[in-house]
Amino acid sequence: MAKSQPEKRWSPIGTFGMDNVVLFPNSIEYYQKELTKLLEGERYAEAADMLRFLLQCQSDDPQYKEEWQSLLKWLNDAFPETAVPAAGKKPRHSEGDGDEDQDQDDEPENEGELFKRHVQLKTANDSKYAEKLLDMLSPRSPADKQLLALEQLAHVDRRVVAQPLRQWLTESRLHPLVQFRGLQVLRQIGESGLIQVQKLGQTLTLDIRQTPLRYEQFPDRIRDVLVRCRERMEAEGPGLLDMAECVWRDFIGFLYGTTVYEELLRLEGTGGDVWAAALHYTVQETLFGGADIGAITALYRLAPEDSKALAKAQQIMKLFATVAAPGDS
């Protein structure tokens with residue numbers, strides 16, 4: 001059986017030496033999302049590497065540097081091994097013998113187990129620790145802090161957190177990405193059955209057990225959109241490819257369960273190319289401040305009759321790009 005491809009490490013976009021890198025708002029937004037993805041995937045060593053990189057860059061907003069410094073300190077305190085830059089370790093995807101490959105495959109699992117033990121130790125030493133985490137889910141808390149609380153609640157006794165989490169998902173006005181992570185946590189702790197939530201103006205009844213925990217668990221038609229986009233982006237460099245993947249993974253979590261998500265499940269014919277073109281346009285516009293829709297339409301060989309569907313897909317992705325960053329809520 002073919003061995004599954006290891007998850008690739010993050011890499012800076014368009015950088016030629018960290019001392020001269022200036023982070024503009026669009027770049028900061030991208031790295032904030034990528035950092036959230038690393039934390040959600042329990043890839044703490046890579047998250048620490050990214051934070052060290054960001055702290056060496058130039059930025060006009062000192063608030064971000066304060067947040068990154070605080071988060072790096074938390075990671076180093078909770079996981080001492082993250083204090084050592086990955087540059088001082090063996091490359092994670094370097095070619096080598098079977099033992100090296102096995103160590104690389106085991107790394108994310110070991111980090112996850114370490115984090116799980118950390119949370120269990122906290123709850124054992126503090127009888128109110130779970131309550132404190134649940135308090136972090138208050139609507140007054142920033143979405144990024146709610147995500148950090150959810151990462152820990154996934155490792156707390158189900159009997160303690162299941163009902164409060166259900167109530168929180170049902171009654172609170174939540175950022176769509178935070179809400180999706182909450183559904184994942186419910187499934188992770190072993191909950192099942194239906195739950196009714198409010199999302200993007202819609203009332204949804206969702207089956208907890210059907211919530212994808214990994215990107216690979218999303219249906220083929222949804223993942224095929226990213227495949228089509230990546231095929232056309234190959235000539236534009238790895239920076240755009242990485243960002244397209246980051247945007248699409250967040251986008252489907254953002255829309256999960258909505259009528260638009262259901263439409264994605266029924267894509268046929270050129271429908272996949274229409275959404276791939278909209279994704280391509282969104283990534284270029286986000287990074288460069290604009291994109292040539294005519295050139296992208298030609299690249300995906302879309303016909304004039306596809307223009308209405310493309311405009312709708314662009315509009316939906318623009319809504320996502322406008323409100324998707326967790327720190328904005």
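A crossing of two helices is right-handed if the near helix is turned clockwise from the far one by less than a right angle, and left-handed if the turn is anticlockwise. In this predicted model, the crossing of helices α12 and α14 is right-handed, whereas α2 passes α3 in a left-handed crossing. The chain comprises 14 helices and four strands. Of its 329 residues, 46% are buried. Among contacts between residues at least 6 apart in sequence, 67% join residues at least 24 apart.

**Helix α12 and its packing on α14**

- Helix α12 covers residues 271-288 and helix α14 covers residues 307-323; their axes come within 9 Å and cross at roughly 45°. That angle makes α12 oblique to α14.
- On the α12 side, the contact is formed by V274, W275, A277, A278, L279, Y281 and T282. These residues meet A309, L310, A313, Q314, I316, M317 and A321 of α14.
- By class, the residues in the contact of α12 with α14 are twelve nonpolar and two polar, with no charged residues.
- The 18 residues of α12 reach 26 Å from the first C-alpha to the last, close to the 26 Å expected at 1.5 Å a residue.
- Since buried means under 20% relative accessible area, and 16 of the 18 residues of α12 are buried, this helix is largely enclosed by the rest of the structure.
- The residue G289 follows α12 and has a positive phi, near 80°.

**I293 in helix α13**

- I293 lies in helix α13, which covers residues 293-299.
- With a relative accessible area of 29%, I293 is partly exposed.
- Leaving aside neighbours within four places in sequence, I293 is in contact with Y281, L310 and Q314. Y281 of α12 and both L310 and Q314 of α14 also belong to the contact between those two helices.
- A277 is 16 residues away from I293 in sequence, and the C-alpha atoms of the two residues are 8.6 Å apart in space.

**Packing of α2 and α3**

- Helix α2, residues 44-56, packs with α3 at an angle of about 145°, and the axes are 10 Å apart.
- Residues Y44, A47, A48, L51, R52, L54 and L55 of α2 make the contact with K65, W68, Q69, L71, L72, L75 and N76 of α3.
- The residues of this α2 and α3 contact divide into ten nonpolar, two polar and two charged.

**L72 in helix α3**

- L72 is placed in helix α3, which covers residues 62-78.
- A relative accessible area of 8% puts L72 among the buried residues.
- Not counting residues up to four places away in sequence, L72 touches A48, L51, R52 and L55.
- L72 and D49 are 23 residues apart in sequence, with a C-alpha to C-alpha distance of 9.0 Å.

**Helix α8**

- Helix α8 covers residues 176-188, and its 13 residues should span 18 Å at 1.5 Å a residue; the end C-alpha atoms are 18 Å apart, which agrees.
- Eleven of the 13 residues of α8 are buried, so this helix is largely enclosed by the rest of the structure.
- The buried residues of α8 are P176, L177, V178, Q179, F180, R181, G182, L183, Q184, V185 and L186.
- After α8 comes G190, whose phi is positive, near 100°.

**Positive phi in residues other than glycine**

- Most residues other than glycine have a negative phi.
- L200 counts as partly exposed, at 39% relative accessibility.
- The place of R301 is in the loop between α13 and α14.
- R301 counts as exposed, at 76% relative accessibility.

How values were computed:
Residues are numbered from 1 along each chain as its sequence is written. This is a predicted model: local features need pLDDT of at least 70, side-chain atom pairs count only at pLDDT 80 or more; totals for chains, interfaces and linings use all residues. Side-chain values use heavy atoms; hydrogens and water are left out. Axes are lines fitted to C-alpha atoms, for helices over the stretch in contact, and angles run from 0 to 180 degrees between N-to-C directions. Angles under 35 degrees count as roughly parallel, over 145 as roughly antiparallel, 65 to 115 as roughly perpendicular and the rest as oblique. Contact means heavy atoms within 4.5 Å. Ala, Val, Leu, Ile, Met, Phe, Trp, Tyr, Cys and Pro count as nonpolar, Asp, Glu, Lys and Arg as charged, and the others, Gly among them, as polar. The expected span of a helix is 1.5 Å times one less than its number of residues. Buried means under 20% relative accessible area, exposed over 50%, partly exposed in between (1.4 Å probe, protein chains only).
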